[in-house]
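Let's read a protein model together. Look first, then ask.

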Amino acid sequence: MIPKAITGLQCHQCNWMVPADPFHYTCPKCGKNLDFIYDYELIGSSWSKLDLEQDPDRSSWRYLPLLPVKNAPEDTSIVVGGTPLVNLPKIAKAHGIAILQIKDDTRNPSGSLKDRATELCIQHAREQGKKTIVAASTGNAGSSLAALSAYHGVQSIIFAPASAPPAKLTQIRQHGAKLVPVDANYDTAFDLAFDWAKKHDHYSRNTGVNPILAEGKKTVALEIAEQRNWQAPDHVFIPVGDGCIISGVFKGFFDLVALGWIDHLPRLHAVQADGSAAIVDSLIRGGEISPVKANTVADSISVDQPRDGDKARRAILESGGLGFRISDQQILAAQQNLSASTGIFAEPAAATAYAGFLQASSQGIFQAGDQVVVLITGTGLKDIPNAQKNLVDIEPVTADMLSVEHYLGSD
Ligand SMILES: *Cc1c(COP(=O)(O)O)cnc(C)c1O
Ligand SMILES: [Zn+2]
């Protein structure tokens, strides 16, 4: 039943329908990105909310009927997905809205939302008979691929800028993946990785050009809806670089509307760093997306040319979402604010979404009954040097009570 639920893939640009088998990364006609198309009637006729209620698997594999692979892996106990939706009633009240929730995707095995895409991609690669997976990464996609490759026993090669946060590069090597630290930016690494995969017939986990990735990332939207008892929120704030996460979130909510399990799409707001805002700029200016020279503290959303930009624009426009641009200073301030008020330590890219929420609130975009979800995509523990930028240096304290009292300022 599961493979038959996929009608095929459709080109986002020219609408050409492409069969799912053999698999094409991009449109054979025009080269643009593809979308998986499902037969929702067929899926809905053999799978229900009640089936989900009775499914003990908390991982993203509980949504297998909506995923474009034949089977789940034999073991899913590492648990990709199944992350908490954290309620923040005090902060909601302070901003005059009904509900504020953080979807805490820092709690994935490798510490970022990228695990959702990787998990599906490894299974897809296996079903395609591929043994080696190649990815370009700003850091998280690579550390995710390295970690889950180690778990599932596949080979991976990762092209990342040598300037990526050391923790992420270390993570990649620690998990035994082959790291190619290129002396260039992400965009150059992207092209190198894609050409390598093509030349050696390896499976490509490059964002945007592989439609599997958005399908994996959409599980975060499926979870948000299920955790909210199938009530779609009014707003979702999403940090945006290449635009694959926001496209995936759109697809997840779109699937659920098509199944009749939720009654509307939430407004999907794209939040970008000032220094890497190609998608938001195109919304403000109108017209095509033009590449930028990316420069931001938020490394995971630092891209010149968004690889899923057109799909991201569609997600924003069709859901009635807005675009927000955030300065590096605001990003780091939001990171600290979020950590101190919620207990969730986000990396700068992830904190950008929270900064977008704060900006939207100060612009008066919300109404009293609004329900808002902020997607926190990766953990701050991967990038300590940037987090330290907002903290004042402290000296060691002499180990006696007088010095401690002096230090803490007690009277
Ligand atoms: C990859 C990533 C993003 C951006 O996702 P895109 O699909 O490139 O838009 C945001 N936050 C974190 C932590 C990421 O790793
Ligand atoms: Zn096409």
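**Around the ligand**

Q: Which residues come nearest to ligand 1?
A: Start with the neighbours of a ligand. This is a predicted model. Here 16 residues lie around ligand 1, and Lys114, Gly241, Asp242, Gly243 and Thr377 come nearest.

Q: Which backbone atoms lie by an oxygen atom of ligand 1?
A: Look for N or O pairs within 3.5 Å. A backbone N or O atom of Gly243 lies 2.8 Å from a ligand 1 oxygen. For Cys244, the distance from a backbone N or O atom to a ligand oxygen is 2.9 Å. A backbone N or O atom of Ile245 is also 2.9 Å from an oxygen of ligand 1.

Q: Which residues touch the most other members of the largest nonpolar core?
A: A core is built from buried nonpolar residues whose side chains meet within 4.5 Å. The largest one has 77 residues; Ile238, Ile246, Val249, Phe253 and Leu268 touch the most other members. Helix α10 (residues 244–259) gives the largest share, eight residues. Another core, of 33 residues, lies apart; Phe324 and Val374 are among them.

Q: In what order do the three strands of the open sheet lie?
A: The order is β2-β1-β3, with antiparallel pairing. The edge strands, β2 (17–18) and β3 (34–38), each pair on one side only. Strand β1 (residues 6–11) joins β2 over two bridges. In one of them, Gln10 has Met17 of β2 as its partner.

Conventions:
Residues are numbered from 1 along each chain as its sequence is written. Chains are lettered from A and ligands numbered from 1 in the order in which they are written. This is a predicted model: local features need pLDDT of at least 70, side-chain atom pairs count only at pLDDT 80 or more; totals for chains, interfaces and linings use all residues. Side-chain values use heavy atoms; hydrogens and water are left out. Two strands pair if DSSP finds at least two bridges between them. Helices (H or I, at least four residues) and strands (E, at least two) are DSSP runs, numbered from the N terminus. Buried means under 20% relative accessible area, exposed over 50%, partly exposed in between (1.4 Å probe, protein chains only). A residue is near a molecule or strand if one of its heavy atoms lies within 4 Å of it. A polar contact is a pair of N or O atoms within 3.5 Å; within protein, one must be able to donate a hydrogen and the other to accept it, and residues adjacent in sequence count only if both atoms are side-chain atoms.
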